[in-house]
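Here are my notes on the model, as numbered points. Have a look at the fold before reading on.

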Amino acid sequence: MMHLSIRFARHLPTLAILTAVMALGGCQKPSEPTTDNGMQNSTQTAEPQTTKSEQPVTSTAQQAPLTILALGDSLTEGLGVDKDDNYPAQLEDRLQAMGYDNAKVINSGLSGETSTGLVNRLDWVSQTKPDITILTIGANDAIRGIDVATIEANIRTAVKHLQDNGSVVILGGMSIYDNLGSEYVAAFSDIYPRVAKDMNLTLIPFFLEGVGGDRELNQADAIHPTKEGYEIIVNNNILPILEPKLNELEELQELKTADTDSTATTAQDNTTNETT
């Protein structure tokens, strides 16, 4: 019995080593099958990849922000009414109610602004990067009796600057009372359709149509609209002109998105083929 214990003790180190080797071998993963070239074949175990083109795409109207710049004088600023009642604020509310959740209307109206003053601040207002600009200017020039040629030249300068910065311009036509003489009044009114034709602009024939001269829709000065007056201007004068432009922009953005997706898909296919 003593001899058996001594012999067993002699073999303990060898048994311990064999036990450790077997234990380590049991923790290792079984080797994966290899291809003929010796590389591991991971095709069956890899997770399926989803390409960019298969991802759900949100509609362009919801994706892209839409900035509308309301540029002009006190008629744009909303002199005498609450900040939520001027036409830019009412226009933004109406657009969002119509489903343009991404629409933002920036009020850049300044009381007393002339066409010359507006030209001088174009660099500043252009920083808003508007998709569309509604330009209504010239009334204060006419009140001061400024030469019609000067007014027209300034309006053309403003339009060109805005267009060069990528904005679609909608021009608001203006008219004035006859206190400066019928010749001046007619020459002033003729500025807007002429500029619109020459520079390929969409024209609101008379920005104050249906409101100008109506005591119930204007404040005590008989010049600046009330909240109700601005509501008519937005619904009857601006939106029928603005909405087609919004649709054109939306279609253009959808085309750009489609081109981008197509280019990305082609590039991805080429990369996949090269990798394969």
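1. Strand 3 and strand 4 (residues 168-172) run parallel and pair over four bridges, with Ile170 in strand 4 as the bridge partner of Ile134. Pairing here takes at least two DSSP bridges between two strands. Strands are DSSP E runs of at least two residues and helices are H or I runs of at least four, numbered from the N terminus.

2. A word on what we're looking at: this is a predicted model, where local features need pLDDT of at least 70 and side-chain atom pairs count only at pLDDT 80 or more, while totals for chains, interfaces and linings use all residues. Residues are numbered from 1 along each chain as its sequence is written, and side-chain values use heavy atoms, with hydrogens and water left out.

3. Strand 3 (residues 132-136) is mostly covered, with five of its five residues buried (under 20% relative accessible area, using a 1.4 Å probe and protein chains only; exposed is over 50%, partly exposed in between). Ile132, Ile134 and Thr136 point one way, Thr133 and Leu135 the other. Strand 1 (residues 66-72) also pairs with strand 3 in the parallel sense, over five bridges, and there Leu69 sits opposite Thr133.

4. Zooming out, five strands make an open, parallel sheet in the order 2-1-3-4-5. Strand 2 (103-109) and strand 5 (202-204) are at the edges with a single partner strand each, so one side of each has no neighbour in the sheet. Strand 5 pairs with strand 4 in the parallel sense over three bridges, and Leu203 in strand 5 stands opposite Leu171.

5. Helix 5 (residues 87-97) packs on the sheet, touching strands 1, 2 and 3, and its direction makes about 170° with that of strand 2. Helix 9 (residues 148-164) packs there too, touching strands 1, 3 and 4, at about 155° to the direction of strand 4. Contact means heavy atoms within 4.5 Å; axes are lines fitted to C-alpha atoms, for helices over the stretch in contact, and angles run from 0 to 180 degrees between N-to-C directions.

6. Which residues have the most contacts inside the largest nonpolar core? They are Leu91, Leu95 and Leu242, in a core of 55 residues (a set of buried Ala, Val, Leu, Ile, Met, Phe, Trp, Tyr and Cys joined through side-chain atoms within 4.5 Å). Helix 12 (residues 227-275) gives the largest share, eight residues. Leaving out residues up to four places away in sequence, Leu91 touches Val105, Ile134, Val234, Ile238, Leu239 and Leu242.
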